[in-house]
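Colleague: I am new to this structure. Please take me through one part of it closely, and show me how that part sits in the whole.

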Amino acid sequence: MSRWSAAEITRAYEVFHGHVQEFTETGRWEGFADLFTEDATYVEHAFGTFHGRDEIRAWSVRTMTSFPGGTMTGFPLAWQVVDPEAGRLVCEVRNLMPDPGDGSLHEESNITIMTYAGDGMFSREEDVYNPMRFAAMTVRWARVAQAHGRLDEEGAAYLEKYGGLVRD
């Protein structure tokens, strides 16, 4: 018998995900780390592994308040499954960019593996994705946004730095 039901894990992630959307809308990511246990681990394959709330907070604020993280408009789920025996929820998260000016859709997905710790808290998150595909998507978005006068200075600096690495 598992410690938590699939319904409890699902509900806890719904609350978690609702907070993420709030952080996205406000740009205030300081509270993201508080959705995890004090001793949580966050594994991000492109940026490294972060231990504890302080490291998770520093990484999430830095990443999600600068380009391209700070430009994303949402992270809707494509699907999710719950394994109550392991206390895990696995889902596909869509990372959405805003309309760059021509109505085109730019997104890249990742697989997220969440480990539930009870009381609405998670003790681990692991995001699995291809960083090169993600970078290519953000560069394509930046090129279109620039062509339509919708790329800010930070996005232009990103495009200058990484645009030559991506071919259409």
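Modeller: A residue counts as buried when its relative accessible area is under 20%. This is a predicted model. By that cut-off, 42% of the 168 residues in the protein chain are buried.

First, the setting. The protein chain has 4 helices and 6 strands. From the N terminus, they follow the order α-β-β-α-β-β-β-β-α-α. The radius of gyration is 17 Å, close to the 15 Å from the globule rule for 168 residues, so the chain is as compact as a globular protein of that length.

Now the part itself: helix H2. Helix H2 covers residues 52–64, which is 13 residues. From first C-alpha to last, H2 reaches 18 Å, close to the 18 Å expected. Its buried residues are Gly-52, Arg-53, Ile-56, Trp-59, Ser-60, Thr-63 and Met-64. Viewed down the axis of H2, these fall within an arc of 135 degrees, so they line one face of the helix. They pack against strand S1 (36–44), strand S2 (48–51) and strand S6 (121–128).

Ile-56 leads on to the core. The largest nonpolar core has 38 residues, and Ile-56 is among those that touch the most other members, along with Tyr-13, Phe-16, Phe-32, Phe-36 and Phe-122. H2 supplies at least two residues of this core, as do H1, S1, S4, S5, H3 and H4. In soluble globular proteins, nonpolar side chains tend to be buried together.

Note on methods
Residues numbered from 1 in each chain as written. Predicted model: local features only at pLDDT ≥ 70, side-chain atom pairs only at ≥ 80, totals over all residues. Heavy atoms only, no water. Expected span 1.5 Å × (residues − 1). Buried < 20%, exposed > 50% of the residue type's maximum accessible area, 1.4 Å probe, protein only. Arc of directions from axis to C-beta. Contact = heavy atoms within 4.5 Å. Core = buried A, V, L, I, M, F, W, Y, C linked by side-chain atoms within 4.5 Å. Rg over C-alpha atoms; globule rule 2.2 N^0.38 Å.
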